[in-house]
Structure formats: C-alpha cells, structure tokens
Amino acid sequence: MTRFRAELTEQLPFPREQVFRLLSDHNRLGELIGLPVRRIRDSDQADPNGTGSVRWIGIGPVGIEETIITFEPDHLIEYTVTSFSAFRNHLGRIRLSETPDMSTYLHYTVDFDEVIPYSGPTLQAAMQRVLNRGARRLIKRLPETGS
C-alpha cells in the first residue's frame, strides 16, 4: 500500500512559544487553514487543546474529527483523524525547534493511506495546498498575536 505525505518546512521570524500558541489553539486554527474549526472536547491537561482534545473541521455535519495524541508545549503536536474520512492511518505532526537567532523552524507533515483507490494523489495535493496556504496566513497572523 502506498503511503502519502504532505510536508511543509518554514523558518519563521517569531519565538517558538508564540508560534506554538497559535498553532495549538483549535479555535484559531480555522483562520490559518481557511475552514471552520472548533474544539468539541477539552483535554484533561491544563491546556484544553492538549492530549485527548478533539476538534471538528468542517461545516455542520460535513467534516472530520481530529484527536490530539501528543502535546509537548512549544515543541510538538501530533493528531490523527478519528472519524470516518477518506484517510486511513492518518498522522499529522507539527514539530517546532528554535534556531540560533531565536526564530522558529516549523516542520509540518501529514502522512496517510488512501481509503478510496487512486484518491491518494488528489488528497495529497489538496492537503499540500492547505499547508502552503496555512503557512502564508500564519506568517501574516503571528505579528498580530504579540510575543
């Protein structure tokens, strides 16, 4: 079975904590990806967006549910699709590291298998567009969030 990946690497001239704060907030994520996103289950951790939290991406009943499976503040977020979708074995990973000049290196990957035969390349291209568009919006939104 073929595995598909969408990937984004970006160096951002903002502190890692500030980047993480925006990327980890389910209720603000929609601003970046251009789709409605809302947290539907809080995490049991101190941060309601942490491990075990669930977000809904979509409009009304049409969308997907993602569950946060790893949450390491200022470093790592991993999530998986936990509702029926066109993806199987889905894993999203947002990894942040600090550069020597105190900016942030972002490495965002989404790996998945297709459910519907031959749909993988189309889904991969769509996901790559969402990541690229999200990166452009992230760069515009970060100055508004302050440090």
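## Contact between helix 2 and helix 3

In this predicted model, Arg28, Glu31, Leu32 and Ile33 of helix 2 meet Val130, Arg133, Gly134, Arg137, Leu138, Arg141 and Thr145 of helix 3, where contact means heavy atoms within 4.5 Å and helices (H or I, at least four residues) and strands (E, at least two) are DSSP runs numbered from the N terminus. The residues of this contact divide into 4 nonpolar, 2 polar and 5 charged, with Ala, Val, Leu, Ile, Met, Phe, Trp, Tyr, Cys and Pro counted as nonpolar, Asp, Glu, Lys and Arg as charged, and the others, Gly among them, as polar. The axes of helix 2 and helix 3 come within 7 Å and cross at roughly 115°; axes are lines fitted to C-alpha atoms, for helices over the stretch in contact, and angles run from 0 to 180 degrees between N-to-C directions.

## The sheet and its helices

An open sheet is formed by 7 strands in the order 1-7-6-5-4-3-2, with antiparallel pairing, two strands being paired if DSSP finds at least two bridges between them. Strand 1 (3-12) and strand 2 (37-41) stand at the edges with a single partner strand each, so one side of each is left without a neighbour in the sheet. From one strand to the next the twist averages 20°.

Strand 6 (residues 87-98) pairs with strand 7 (residues 104-114) in the antiparallel sense over 10 bridges, and Gly92 stands opposite Val110 in strand 7. Helix 1 packs on the sheet, touching strand 1, strand 4 (62-72), strand 5 (76-81), strand 6 and strand 7, and its direction makes about 155° with that of strand 6. Of the 9 residues of helix 1 (residues 16-24), 7 are buried, among them Phe20 and Leu22; buried means under 20% relative accessible area (1.4 Å probe, protein chains only). Helix 3 (residues 120-145) lies across strand 1, strand 6 and strand 7, running at about 15° to strand 1.

## The lining of the largest pocket

The lining of the largest pocket has 16 nonpolar, 2 polar and 2 charged residues, and its largest share, 5 residues, comes from helix 3. At least two residues of this lining are supplied by each of helix 2 (26-33), strand 3 (54-59), strand 4, strand 5, strand 6, strand 7 and helix 3.

## Basis of the values

Residues are numbered from 1 along each chain as its sequence is written, and side-chain values use heavy atoms, with hydrogens and water left out. In this predicted model local features need pLDDT of at least 70 and side-chain atom pairs count only at pLDDT 80 or more, while totals for chains, interfaces and linings use all residues.

Methods. Buried means under 20% relative accessible area, exposed over 50%, partly exposed in between (1.4 Å probe, protein chains only).
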